[in-house]
Structure formats: C-alpha cells, structure tokens
Protein chains: 2
Amino acid sequence: MSNTPEVYVLGGYQTDFGRNWTKEAKHFVAMIRESVQGGLASTGIDASEIEVAHVGNFAAELYCKQGHLGAFFLEADPAFSGLPTSRHEAACASGSIAILAAGAEIEAGRYDLACVLGFEQMKTVNPAVGGDFLGTAAWYEHEAQGIEFPFPKLFGKLGDEYDKRYGLKDEHLAAISQVNYSNARLNPNAQTRTWYMNEHHACSTGDNNPIVGGRIKISDCSQVTDGAVSLMLASRKFAEGWAERRGVALESIPRIKGWGHHTAPVRFDDKVAESRNNKYVLPHVRQTVVDAFHRAGIADVNGVDAIETHDCFTTSEYMAIDHFGITEPGESWKAVEEGKIELGGANPINPSGGLIGAGHPVGATGVRQCLDAHKQITETAGDYQVAGAKNIATLNIGGSGTTSVSFVVGVG
Amino acid sequence: MSNTPEVYVLGGYQTDFGRNWTKEAKHFVAMIRESVQGGLASTGIDASEIEVAHVGNFAAELYCKQGHLGAFFLEADPAFSGLPTSRHEAACASGSIAILAAGAEIEAGRYDLACVLGFEQMKTVNPAVGGDFLGTAAWYEHEAQGIEFPFPKLFGKLGDEYDKRYGLKDEHLAAISQVNYSNARLNPNAQTRTWYMNEHHACSTGDNNPIVGGRIKISDCSQVTDGAVSLMLASRKFAEGWAERRGVALESIPRIKGWGHHTAPVRFDDKVAESRNNKYVLPHVRQTVVDAFHRAGIADVNGVDAIETHDCFTTSEYMAIDHFGITEPGESWKAVEEGKIELGGANPINPSGGLIGAGHPVGATGVRQCLDAHKQITETAGDYQVAGAKNIATLNIGGSGTTSVSFVVGVG
C-alpha cells in the first residue's frame, strides 16, 4: 500500500439542512448554486480557477426525474462552461466516492483544483415513496420491493445481529440518538437543531416515538433531508499559492492523510453469513477504517481527535464504535456508558450531530463529513468545536454496510 | 497539460448486443457476470487479481429500479468480496467516465489492476417509456417532459443548426447510416448484424422508415439495446508481469495514450447560443478531441488509423467528422462523398458499426468503444479489422453534446 500523495482541503459550504427546497419551489440547481458560490466565497477562489467538478448524488433520477448530474454543475456559474464534470454514485456513500474520484485525479496530476459537490433533494415525494426509492440502495428486488420502509428494517437486523452475538440494549441506542440530537443543537446548519429529543424520549415507544421497523424507532433514524455541500480539493502546488495569497501557512491547511474503500456483498443476509466467524459484524467496514488509519500513519482511533460517522440509524453508529476500535468488538455500549462519544469525551463522535442530528441528504453526506472535518481542524466549527482538533476520521456507508469509505483529514 | 502516465488496456469482453435480457428473464447481474467472467477468461486474469472495479451506467434506477450499481460487481465472482467499487454516470458517456476514473486511480498509484464494467438493460420498458427515461440525459423539465422521443428531436436540431450554418443534405446522413449498418454486418456482437438497410432505404421516408422527430428518421437512430462490456486496465507494473506470463511484448499491449474531457451547458439551445460565432457547432466537443490528440502526442486525425465515435444519431456522426478534423468545419459531407469514413477509407469511422449498427446500451458504449479499439490494435477484430491499426480514437457523448470524452488508444 503506497503512501497517498497530498490532496489539500481548502474549505467549502453547506446549505442549511433544515430547508425544504420543494416547499420553496426551487430546482436542485438552486441548491447547487448556493453551495458552490458559497464555497467559492468562503475560500476566496474565483470560479475560473476550478479545473474539474465531481458530483456525488444517489438518486436524482427517482427523486427529481433527472440524470446527467455532473453537467448541472455548470449551472452554478457562467465561468464553468467547458469544465470536465462527472457524477459518482454508491448510494449513501456517493459523496465520499466523489471525493475519492476527485482526489485520484489530483494525485494523478491531471488537475490542481477540483470542486466536489454532494447533493440530494429528497422532499419531492412523500415518505412512503421516498422510503421505496431508498430501497434501491439495497438489492431492491430481494430486500425492498413491497416492503414499507425497508432500510430501518435492514438496520434493525444489524442491531439484532449484535444482540445475537454480543447482547444489545436499546437504551444504548437511545443514548446514541440523544448525543447526536444534543450536538446538532450547536450546529446552525443542522436539520434538527430546534427539535425536541432527550434520552427519556428516545427510550420511549408509542405514539410519540413509534416503531418504524424491527427494533428501530423514529428516534433511531436520520430524517429525510434536502441539502448540498461543496468542498474544494487542491494539489500541493495550488495549495501553496492559495496559502500565500490567504496569508496562511501551508502546514495549517488540512489534507486528506488517508482513505479506505471496500465493498461488501449487497444483501444484508449475505454480509452476516460471510462474517459469521469474524469478531466484527461488518469486517469490510473494519478494513476500510484500518486502511484509512494505515495510510494516514495513525496507529489507532486515539490518533484522531473526533469522528464524523454514518449514523443513518443508531445501530450503524453502534457498529461504528467498535469497528473504529474505540472498544473491543461487541462492547460499543461501554463507550456509550462512559461518555466517550460525547462532545468533550475521549472519542467524540459526530460533533456536528451526524446524520441523525445534522441531517442526511444522501449524496451530500460524505462531503458534509469532510467539510465538518475541515471546520474542526481550522477551528471554525463554532459551538460544536472540538478543542485543538488536528485529525478527524470520517466513515460514510452506502446500503446496509455495503460500500464503505473512510477518510482521515488532518494537519501535521 | 502534463503527459498521461501509462494505463494499459489488457482486453475485455462484450456481450452480444442483439440479445434481449428481459425476454430471457434475466437480471442485469447475469449480464455483468457474463461480461466480467468473459473478460477474465479472455485476458487470462484471475478474479483475485482484480484490485478495484468501476461501473459505468446511466439510469438503472429508472430502467431496473436499482441503484448502488458498483456493488453489484461483487455478484460476478465470490472472489470480489471486499473489492472497492463505484459507479459513474454522465448519461450516454457514463462508460468513458468510468474509464477516466479507473485510469486516474491507476495513474495515482492506488491500484495496479482495475476492471471497468459498462452496462445498461433498457428493454425492460416499452419504447415510449424508454424514450422518456432517456430525456433525463437532457434537462428533463425544459427539454423532455411531455415530449415524445425528445432525443431524436434534439439531435434533429443539431442537423438543423448545420443546415443553417453550412447547409446539410439528408442524403449524407443516409450514407452515414448505411456505412454503420454495413460495418455492423461484419461484427458478430452487433445488434443489427442481420437487419436490412441500404442507402436507398435510409434515404426513403414513409411507412418503412418513418420520421421519429424533426429530420430524424428511424434509419438515423441507434436502437434500444441491452448489453455489458468489461475492460481490464493495468499499471505498467502489472502489464509487465502480465506480458511476461502471456509471452507477449509489453510494447504490443495497447495503452491509453491520451484523453479529453469537457462539458457544455446542458440545454441544447444554450450550446448553440454559446457557439454562435465559433466555426465549430459544438466547440467543447472539438476541444475534447484536440486534448486527446495533444496528450497522445498526435498532430491530427491522420495520426490515428480509425475512429469509434458516438453516432447515437447520424447527425452526431456528421458533427464528429468535422470536429475530429477530417474536414474543415461544415464540410463533413465531403468525407462522406469521398468514402473516407468507410472501412478501407482514409479515416474509417465505426468499423464496429458504431451505436447505429453495433447498438447503444447507454452505459456500456464508452467501454465498448475502447474494447473495439483494443481489438483493432491487437488484430483481433475479425471481419471488421482495419489492417495494421496502431492507434484508434474514440468519442463518447452524453446528452445533446453535453459531456464529451475522447481517448486515443494505441501502441508504439
């Protein structure tokens, strides 16, 4: 495994994940434009400096009856005419796949400045239809067709598998939900920043917190979200010039220090069958994290100051805790009980609020995670700042643990 | 513009584009499996040697109600569990975008052997519904919604624009159609290899050759096609070892010598307005070709022995003729009349039969073009062989001239 050449993260822009762009009668082009123009403004980059654009999106074909999504990047600014563009998809990991593709082109020396844009407009349809569309991230025919809200059920099964192998108490899932909601209150772009949730409420079941599928209640779920996030990635050459004109030290600019990328069999039952004799329930997710740490030259999870992980449901964060190595396999509950994952804890997870708190516009999530990593490292995360953060790990997952991508973004 | 590091093309496999996989009651996984296993067999590569997979697909979300398409690569062989996968989309240029992404990762030193897989299963719906789905490659809301068969109309407008600027006779479009059908008869994988078509028929209009939209008749169109194509791409390091065990010289293995990639505004009318004072109707397409030649160190079109171009309609090939520089802008008809584009002519176009003759399973087309380039250079193209071919150019287009990708594949 070779060392990763340097890809610098200059910054970007996140739209307010609380907005409903359909209610505002706006096309997703408006969302793209705001996030790209916002990214240019916040980084002091001129549109004409962008050399290539990579778009992450899961399923605008279904939600918006529109494909060819890379090309819509051009609508953000007249200067973009002629720009090379492409769209990348791996269900809920689409944003990270776009980052990987952009990074590869920079590492290959093809371009010096790329804009990655993740977006999803999901509030175009009612929840039942949207739930059905999300089923195409699983093997639709086998795991979703005719099933109401297939994904909560699949991630409920992840919880069941933990329960079977190691035991799992729902109160620990509720605590994870509470931490995410609590952090989200500190994030001015979080979808749920004004929503009511505490541990007692998350532990309850009934009219105020109904079961969606299996052991998954409303409080265990990320919500349907509209949003777009831009991220400017640069070669060392561009970053040097940019640092000079911004009057900052090159060493202070976060870069992608390491990455991991693996795919498990599509069907959840195939995953579980494959991992039967493995101490990790989702070994390919574990390998993804290990690869990212290895490439970053980091020994283990204590080498990062915080994690932005994929908590599409509380069970996926429960899985992430032991797969990141915060605890031994099956002992994620210990980290929850000890408060390790809280803001201010030993291994803070999702200072932003994560998918449950900040929101989950599917194709944007991986990009949002890396932008939040950038905010932490540049001390611009405001009220959800992790003091002195130098290195942040991300984990972005598509399907029921199918595609996994992890980054270590950091300085030093 | 830096020189492209070396990406070798080891071979691959195309399914028979004449097949209807829905009638065979087969899931697209069967198509993926056949093309990947066929590619492994024809290159003598073991499944365990593949390090990464890149999938090109336009709109399985619509045609097959399935997303997360990279992950389905794993279904082709049990050895693929854990493999990094991703899916890339740029409408009808999706296949070439997948090749660009795979090539970037090899150039970056991330992997030594990638399998690119382009596929589309389109015969799942009736032609009217399929035509509507294809409309999502344009700006659906503005250019396709409520319009029957929007794409023939858009490429009819391309013909109209040529007519307005330079004059255009439909007999030259008919001749282009005839050449593609004629070449396809020599290609055992071509969809139309047994279909009836001659220049007289292509010139006629009426019950046997109805108008589909604008000046576009049935004979001007590529057809709805099912198909999958795999392509093995390797670093120099892997190619050296592979050459040794195959007993061939490294120098005899085709490589991607150059590439171009640009995007024009999505709406066709915006493209035409932008190019009003340009001698090329689609200047970003021209730039894409120029970039590929420049990176390959080739002066002009006479530096390649044949072209595999994007003839979704005869007008797009008519455009390609002058944009490749075979004639001055607006004079493509001269090359047609002089027989230059025929097999055996000075600048053979689409020896395979192209999209009109060989077929156009959207996401597979760019990969099929590069596989056909490989066949030509390795003298394995059978009856459609261009004698002594050393360098082949491709041009793959998404939307109405929106995303363009060109490759020069060659030896020496």
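## A loop residue in chain A

In this predicted model, A:Gln191 sits in the loop that links α7 (170-184) and α8 (199-203) of chain A; helices here are DSSP runs of H or I with at least four residues, numbered from the N terminus. A:Gln191 is buried, its relative accessible area being 6% (buried means under 20%, exposed over 50%, partly exposed in between, with a 1.4 Å probe and protein chains only).

The side chain of A:Gln191 makes a polar contact of 2.8 Å with the side chain of A:Thr225. Such a contact is a pair of N or O atoms within 3.5 Å; within protein, one must be able to donate a hydrogen and the other to accept it, and residues adjacent in sequence count only if both atoms are side-chain atoms. Setting aside neighbours within four places in sequence, A:Gln191 is in contact (heavy atoms within 4.5 Å) with residues including A:Phe17, A:Lys123, A:Gln223 and A:His360.

## A helix pair in each chain

In chain A, α3 (residues 94-107) and α15 (residues 365-377) pack at about 65° with axes 5 Å apart; axes are lines fitted to C-alpha atoms, for helices over the stretch in contact, and angles run from 0 to 180 degrees between N-to-C directions. That makes α3(A) roughly perpendicular to α15(A) (65 to 115 degrees; under 35 is roughly parallel, over 145 roughly antiparallel, and the rest oblique). A:Gly95, A:Ser96 and A:Ile99 of α3(A) meet A:Gly366, A:Val367 and A:Cys370 of α15(A).

In chain B, the axes of α7 (residues 170-184) and α12 (residues 314-323) come within 9 Å and cross at roughly 95°, so α7(B) is roughly perpendicular to α12(B). Among the α7(B) residues at this meeting are B:His172 and B:Ile176, and among those of α12(B) are B:Glu317 and B:Tyr318.

## A loop residue in chain B

B:Leu343 lies in the loop between α13 (332-337) and α14 (354-357) of chain B and is partly exposed, at 28% relative accessible area. B:Ala387 is 44 residues away from B:Leu343 in sequence, and their C-alpha atoms are 9.7 Å apart.

## Where the chains meet

Chain A brings 58 residues into contact with 58 residues of chain B. The two chains bury about 4700 Å² between them, 52% of it on carbon and sulfur atoms; buried area is the accessible area (1.4 Å probe) lost on putting two parts together, summed over both.

## Conventions

Residues are numbered from 1 along each chain as its sequence is written, and chains are lettered from A and ligands numbered from 1 in the order written. In this predicted model, local features need pLDDT of at least 70, side-chain atom pairs count only at pLDDT 80 or more, and totals for chains, interfaces and linings use all residues, while side-chain values use heavy atoms, leaving out hydrogens and water.

Methods:
Helix = DSSP H or I, 4+ residues; strand = E, 2+ residues; numbered from the N terminus.
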